[in-house]
Amino acid sequence: MARPRTPLLDRQRIVHTALRLVDEAGDLTIPALAGALKVSPSALYHHVSGRAEIVALMRAELVRVIGERSLWDRPWDEALRGWARAYREAFAEHPGIIRLLATAPLAEPFMHELYERAVATLEAAGFAAEDVMGMITALESFILGSALDLVAPAVMVDAVDRAATPRLADALAAVPAGRRRADQAFETGLAALVAGYAALLPAGRGPGTAAGDPISDQA
């Protein structure tokens, strides 16, 4: 029997093709994915239940590098910084998927487990239960914006009239070139977020406090 011209479908091939399509178009449809794979839409349903499962598989592919358990054994501020950096790098690889994932409910158990570890680390560090999800959401919003900044034009503020706006011109001249510009902005914002979060802690629970550490004696 002759071998098929198109390799047999598997979930990995479906996910990688879906990621490429989303990078190109910013969205995903079953007909477009089937066309890119050179199969009929019905053939996809032998491997996935539908678009929602494909989105979940794409999310799993992107976040598999940011859910490392050992990350959450560190002090809360180190854990958040490590998570933010890994998260940003993962999404920077596929910036087209950011809008799609930002509007898709987080129904996958592996995402629940990741958040469980994040919440446990923050609560053990002393943060109030009513604050932790707001902290995580704010951090993720910042990360996703920073991932988009990595693929933004090298110059976003252009054609500045130095005579009219001399301070802006000087500030722009001081910005590092290339990727260092985006990295500097990200690290500045991340430091500000972590410092702001530390202000929510009880006395003696500042940055560097590991989960389970006793609260320092107050004066």
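**View 1. The protein chain has ten helices and zero strands.** Helices (H or I) are DSSP runs of at least four residues and strands (E) of at least two, numbered from the N terminus. The model is predicted, so local features need pLDDT of at least 70 and side-chain atom pairs count only at pLDDT 80 or more, while totals for chains, interfaces and linings use all residues. Residues are numbered from 1 along each chain as its sequence is written, and side-chain values use heavy atoms, with hydrogens and water left out.

**View 2. Here is the largest nonpolar core, with 58 residues.** Such a core is a set of buried Ala, Val, Leu, Ile, Met, Phe, Trp, Tyr and Cys residues joined through side-chain atoms within 4.5 Å. M58, W76 and W83 touch the most other members. Helix α5 (residues 76–92) gives the most to this core, namely eight residues. Across the 219 residues of the protein chain, 38% are buried (under 20% relative accessible area with a 1.4 Å probe, protein chains only; exposed is over 50%, partly exposed in between).

**View 3. Now we visit L106, in the loop between α6 (98–102) and α7 (109–125).** L106 counts as partly exposed because its relative accessibility is 35%. Beyond its neighbours within four places in sequence, L106 is in contact with R59, M111, H112 and Y115, where contact means heavy atoms within 4.5 Å.
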